[in-house]
Amino acid sequence: MTYAFTPAAIPAVPVSELDLLFPVNRIYCVGQNYSDHVKEMGGDAKSGSPVFFSKPANAIVIENNSVSYPTMTNELHHEVELVVALSSGGKNIAQQDALSHVFGYAVGVDFTRRDLQAQAKKNGKPWDVAKGFDQSAPISAIKPVHNNEHISAGTIALSINGEQRQQADLAEMIWSVPEIIAELSRYYELKAGDLIFTGTPSGVSATVAGDHIKAEVAGVAELEFDLIGDV
Ligand code: MN
């Protein structure tokens, strides 16, 4: 049997230092993973388990390409996040084995239609239209792990038009990367190609068409792009 029409290309992220593309399977996201951000959103700092949601794999935007301001929102928020890229997976992964599944790390932005998310929270509805929209996941190249050197501390930051909006340290994450992988694998069978956006620190704010956004995780990657209006 042949396909009824040509299938969409597999979303993929360049790998720095190597002439390779990382093919994206799924995009998982962690909510409420830095206590200062939980507080600014009006929540309690530590709850029983991480908040998970997802985005479609084709929500990524790569290679510092510009991002179109989305429809149906007047309050687009930036959330700078450490992104974990998996080269293998499984179910019920033990915390002590979790990092062996990590291919590399990147910096990404979890764009959020905050007005729609606020309505959804208020009405007990799902977050999908607030989180999983087109071009909602700009991402840098993935830096591969060398010599089992993983990252658990260092600056994570985002600026708009040169003005600092978010700055924190990865060590402030409530749920560490091994804890996230272990817990997520209890809900989903993780696979090679999965990306995990690990949550954002405080300082989220609205961004508008015309803004120049720069995101960075020190020692991992930088990401820079323009947010543009409808063309
Ligand atoms: Mn987020």
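I shall start with a definition: two strands are said to pair if DSSP finds at least two bridges between them. Helices (H or I, at least four residues) and strands (E, at least two) are themselves DSSP runs, numbered from the N terminus. What you see is a predicted model, in which local features need pLDDT of at least 70 and side-chain atom pairs count only at pLDDT 80 or more, while totals for chains, interfaces and linings use all residues. Residues are numbered from 1 along each chain as its sequence is written, and side-chain values use heavy atoms, with hydrogens and water left out.

Let me turn to the sheet. Which order do its strands follow? There are 6 strands in an open sheet of mixed pairing, and the order is S4-S3-S15-S8-S9-S12. Strand S4 (51-55) and S12 stand at the edges with a single partner strand each, so one side of each has no neighbour in the sheet. As a general point, strands of a sheet pair through backbone hydrogen bonds, either parallel or antiparallel.

Strand S3 illustrates both arrangements. With S4, strand S3 runs antiparallel, joined by 5 bridges, and Ile 27 stands opposite Lys 55 in S4. With S15, strand S3 runs parallel, joined by 3 bridges; here Cys 29 stands opposite Phe 197.

Is strand S3 buried or exposed? Buried means under 20% relative accessible area, exposed means over 50%, and partly exposed lies in between, using a 1.4 Å probe and protein chains only. In strand S3 (residues 27-31), 5 of the 5 residues are buried, so the strand is largely enclosed by the rest of the structure. Both of its faces are covered, with Ile 27, Cys 29 and Gly 31 on one side and Tyr 28 and Val 30 on the other.

Further along the sheet, S8 and S9 pair in the antiparallel sense over 7 bridges. Within this pair, Ala 85 has Gly 104 in S9 as its bridge partner.

Glu 81 and Asp 110 are both buried.

Glu 63, between strand S5 (60-61) and strand S6 (67-68), has a positive phi near 60 degrees although it is not glycine. Glu 63 is exposed, at 55% relative accessible area. Asn 148, between strand S12 (143-144) and strand S13 (155-160), also has a positive phi, of about 60 degrees. Asn 148 counts as exposed at 60%.

Tyr 188 is in the loop between helix H5 (177-187) and strand S15 (195-197), and is partly exposed at 32%. Where contact means heavy atoms within 4.5 Å, Tyr 188 touches Arg 26, Tyr 28 and Gly 90, leaving aside residues up to four places away in sequence.
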